[in-house]
Amino acid sequence: MASQQQVSAIKGAKVLMVGAGGIGCELLKTLALSGFQDIHIIDMDTIEVSNLNRQFLFRQSHVGLSKAKVARDAVLKFRPHMSITPHHANVKDSDFDVEFFKQFNVVLNGLDNLDARRHVNRLCLAADVPLVESGTTGFLGQVTVHVKGKTECYECKPKPAPKTYPVCTITSTPSKFIHCIVWAKDLLFAKLFGDKNQENDLNVRSSDAASSSEHANDVFERREDEDIDQYGRRIYDHVFGYNIEVALSNEETWKTRNRPKPFYSKDVLPDKLTQLNGNLDKSGATDDFSSVSAMASLGLKNPQDKWSLMECSRVFLEALKLFFLKRVKEIGNLSFDKDDQLAVEFVTAAANIRAASFCIPLHSLFEAKGIAGNIVHAVATTNAIVAGLIVIEAIKVLQKDADNYRMTYCLQHITQKMLLMPVEPYEPDKSCYVCSETPLLLEINTHRSKLRDFVEKVVKAKLGMNFPLIMHGANLLYEVGDDLDEAMVANYAANLEKVLSELPSPITGGTMLSVEDLKQELICNINIKHREEFDDEKEPDGMVLTGWTQAPPVEEEKANGNGASSSNALQVEPVETKKDAELEEIPESSRRKRKLPEDSEGTDVDVSNDVNETKNHKEVEKLDDDDDEDLVMFDDWASASNKKKRLQ
Ligand SMILES: Nc1ncnc2c1ncn2[C@@H]1O[C@H](COP(=O)(O)OP(=O)(O)OP(=O)(O)O)[C@@H](O)[C@H]1O
Ligand SMILES: [Zn+2]
């Protein structure tokens, strides 16, 4: 039962909910049933069929409609007197500025990406509105509280970086199916259907041997008047035949490994079969790209079947053909999307052919899609638990009950019945560039690096600024915005191409730059230190930013003798996690032996495993095998004491 105080805090609160997906639907329902009266919802998406299994406010008839609006309507049916304001929009839109955020007493995130989370964090800091942040991945989840000046902000701690794979493993020596998927998705699919100007390691493979015109760099370009079937076979023969032969010629590599088998289309697919390949009429409507399917065209029905090498080859050629015949306008702009059926078919087929070549077990489309799309199946119960925890923290925040704020980690721990692990929040990190004013340090070659390098590699990629403004003293060097006149745009464009030391207001060693994102009201000061040389391998950006921290990438395996290194690695998100940086590591303090509250007094629980990885469930389970009494289920949060004061 809520106390009178809680009831009035709830009733008087104006709440902003960002994200009306898996967590958001549960959250809105729980907020409504807890008595909240005034809620704004921002969600940029429309409802998809795949949402219906867990986003229970939505029905089949809502597919294609705004999530925010339908969620509002669904809740008003059982709480008609609530005020719910839906915004079908991106939270990064300029309408949702600091003034907009200031009207709320608390912001609750149910998002699925780092970019939006960082943006909301910055606006909450600028508007001085508390934020309750959340995320789930399968059975794992977390809820964290961020109150300016009291607790760490969302960006105080580095977020786990995506898993990386050495390039040479992907291009030359795959040993697992995931390596074949990364190759098919990030190299081959990107090369054939994505931006032609992007650097791509398939080029290296294609041009490092004989430079005969047949196998030179432009092998992926479709020649004028080239029949689409011929083109498909040529690509097939190049990537699965010729490239493997080139790799085989490097005898050293295969001394300790199984030699791969080159495949040529004429051997795998008799001529007659290719001619008969596919029935385009069955491949899907021409006006609905999303329904185009090579499987349909070939009469392959069950996505859980493992295709034979011949079937994979037919799907490969058919999918490639369908892209050129039915989706030609998109070619050049495509990037892999797990919800794009034809893309998934192509990648599954290509990955399996490569897997067959390297004697790696083949996988079904269903499995390949899960791996390629980093899919961990969402668990509705986890979302419900997390939504409940968000509301509990929101109520504490509204009551300014800072002593009892908790970051709560939801762990699957069936054998030990351990479900929730509450942890006291940390104070703000004094060196966090987002919530403190600590300057960053950038080592850079000011005579060689251009302003563009600085903007792309530091300001956008690392600091996550979308609308940067760069000042050197009183001089404005660069700015992005809708209200700039033509002369300014031209001036900034010219600055981008200049090396730092030759800018109108030169940037040299000792310069202090101020970089600001007007929309996020975030200002960072950056001290510049000139440095001549950088290590290509270890410092591939050609610059080093200190004070900005990202957890080191999870490196799958060390360079394996072909000269690759982690800096020269392909990134994929950890397969075990669903969304980027959705789950954080449990804070250091609680990763060490941590004294538990009353119920489990005297029992030390070591949670030294990374909750990020679903595969680690087994390791988590084995943590305290010897003690069956570790039930860590707190229904009285205040009793979760035994605590060391960390808040100010
Ligand atoms: N920048 C943003 N602005 C507004 N809403 C956002 C933004 N980024 C993500 N969202 C919303 O956050 C919600 C996250 O929900 P969820 O994690 O369940 O993802 P989903 O897209 O519904 O499901 P899935 O990714 O599993 O198909 C989505 O509804 C998405 O539209
Ligand atoms: Zn911070």
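A: Cys359 counts as exposed because 12 other C-beta atoms lie within 10 Å of its own, and the limit for an exposed residue is 12 or fewer. The model in which this residue is seen is a predicted one. Cys359 belongs to the loop between helix H14 (341–357) and helix H15 (365–372). Its backbone has a positive phi, near 55°, although the residue is not a glycine.

Lys400 may be set beside it. The phi of Lys400 is likewise positive, near 55°, in a residue other than glycine. Lys400 is also exposed, since 12 other C-beta atoms are found within 10 Å. The loop that holds Lys400 runs between H16 and strand E8 (407–410).

Cys168 lies in helix H6 (residues 167–171). An unreviewed UniProt entry carries the annotation "active site" at Cys168.

These residues sit within a protein chain of 20 helices and 18 strands. Of the 648 residues in the protein chain, 44% are buried. Among contacts with a separation of 6 or more, 71% are between residues 24 or more positions apart.

The interior may be taken next. In soluble globular proteins, nonpolar side chains tend to be buried together. Here the largest nonpolar core has 95 residues, and Val15, Leu28, Val106, Val107 and Ile390 are those that touch the most other members. Helix H16 (residues 380–398) contributes the most to this core, namely 11 residues. Another core lies apart from it and has 58 residues, including Ile170, Ala296, Leu322 and Ala355. As for Leu28, its contacts beyond four places in sequence are with Met17, Ala20, Ile39, Ile41, Leu57, Ala71 and Val75.

In strand E1 (residues 14–18), 4 of the 5 residues are buried. E1 runs parallel to strand E2 (residues 38–42), and 5 bridges join the two. Within this pairing, Val15 has Ile39 of E2 as its bridge partner.

E1 is also joined to E4 by 4 bridges, again in the parallel sense, and Val18 stands opposite Asn109 in E4. Strand E4 (residues 106–109) is covered on both faces: Val106 and Leu108 are buried on one side, and Val107 and Asn109 on the other. E4 pairs in turn with strand E5 (residues 131–137), over 2 bridges and in the parallel sense. In that pairing, Val107 faces Leu131 of E5.

The surroundings of the ligand complete the account. There are 20 residues around ligand 1, and those that come nearest are Gly19, Gly21, Gly22, Asp45 and Asp112.

Notes: Residues are numbered from 1 along each chain as its sequence is written. Chains are lettered from A and ligands numbered from 1 in the order in which they are written. This is a predicted model: local features need pLDDT of at least 70, side-chain atom pairs count only at pLDDT 80 or more; totals for chains, interfaces and linings use all residues. A residue is near a molecule or strand if its C-beta atom, placed from the backbone, lies within 6 Å of it. A nonpolar core is a set of buried Ala, Val, Leu, Ile, Met, Phe, Trp, Tyr and Cys residues joined through C-beta atoms within 7 Å. A residue is buried if 20 or more other C-beta atoms lie within 10 Å of its own, exposed if 12 or fewer, and partly exposed in between; C-beta atoms are placed from the backbone. Two residues are in contact if their C-beta atoms, placed from the backbone, lie within 7 Å. UniProt positions are given in the numbering used here, feature names are shortened, and annotations may be inferred rather than shown by experiment. Two strands pair if DSSP finds at least two bridges between them.
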